[in-house]
Amino acid sequence: MSRPRAVLFDCDGVLADSEMVVNRLVAEQLTALGWPMSAAESRETFLGLALPDMVPRIEARVGPLPPGWAEELSALIAQEMTLHTPPVEGAVEAVRAIAAGGLAVAVASNSARAELAAKMRALGLAHVFAGRVFSFEDVERPKPWPDIYLAAAAACDAAPQDCVVVEDSVPGVRAGRAAGSRVLGYARETPAGVLAAHGAEPFGAMAELPGLLGL
Ligand SMILES: [Mg+2]
């Protein structure tokens, strides 16, 4: 496989092992609103969705949310992430190896901007991705639309067809494929077969990533 020009990373579940922290917070909030939910159920219900796309689903179940609810939840997540963002095993090392190999790297996430910046700092990757960190707040439409990946590719001065996207959720794989990129699917939160059905090439460990990119 020839080397791509740039590698565009999803954040949650790919770089930051944050899904359970986020899902625990979401589950607590929804339970308090009258939709009893565990962290695992939150993950199943909302995996890969940006907060604005979660809101109508939540309101369909519990009625109109208090004003500022989504913003408060986002701030709470950012605060928690500043204190504690566990890395996905081998992810930080893989990113550093890929950048050292001369490939451009960017982050494209359905997280809010402040929350995403907090995760990058906590992972020690803020400098590696400097200026190439994209939140749903930076574009018109969140994943599964391709906008975030198109913006990330442009920031790397690369055509999307010359980029590889690294994803772990179905909305993220769909976004990467819609952008026109090759997508590698980290099969942990979502089974390999499901990722493959949406056009990703599944893989099982971050240590495999440099090899899959031709490094
Ligand atoms: Mg993800």
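Which residues of strand 1 (residues 6–9) point one way, and which the other way? In this predicted model, A6 and L8 point to one side of the strand, while V7 and F9 point to the opposite side. All of these residues are buried.

With strand 2 (residues 104–108) it runs parallel, and four bridges join the two. Within this pairing, V7 stands opposite V105 of strand 2. Strand 4 (residues 163–167) is likewise parallel to strand 1 and joined to it by four bridges. Here F9 has V166 of strand 4 as its bridge partner.

Zooming out, these strands belong to an open sheet of six strands, ordered 3-2-1-4-5-6 and paired in parallel fashion. Its edges are formed by strand 3 (133–134) and strand 6 (201–203), each of which pairs on one side only.

The domain assignment divides the protein chain into domain 1 (6–17 + 86–212) and domain 2 (19–83). Their C-alpha centres are 22 Å apart. Across the boundary, 17 residues of domain 1 are in contact with 15 residues of domain 2. On the domain 1 side, helix 6 (113–123) and helix 8 (170–179) each supply at least two of the touching residues. Helix 6 gives the most, with five residues. Sorted by class, this side of domain 1 has eight nonpolar, four polar and five charged residues.

The axes of helix 1 (residues 19–32) and helix 4 (residues 69–83) come within 10 Å and cross at roughly 145 degrees, and the crossing is right-handed. Helix 1 contributes V21, V22, L25 and Q29 to the contact, and helix 4 contributes L73, L76, I77 and E80. By class, the residues of this contact comprise six nonpolar, one polar and one charged.

Methods. Residues numbered from 1 in each chain as written. Predicted model: local features only at pLDDT ≥ 70, side-chain atom pairs only at ≥ 80, totals over all residues. Buried ≥ 20, exposed ≤ 12 C-beta atoms within 10 Å, placed from the backbone. Pairing = 2+ DSSP bridges. Axes fitted to C-alpha atoms, helices over the stretch in contact; angles between N-to-C directions. Left-handed = near helix turned anticlockwise from the far one by under 90°. Contact = placed C-beta atoms within 7 Å. Nonpolar A, V, L, I, M, F, W, Y, C, P; charged D, E, K, R; others polar. Domains from an automatic or database assignment.
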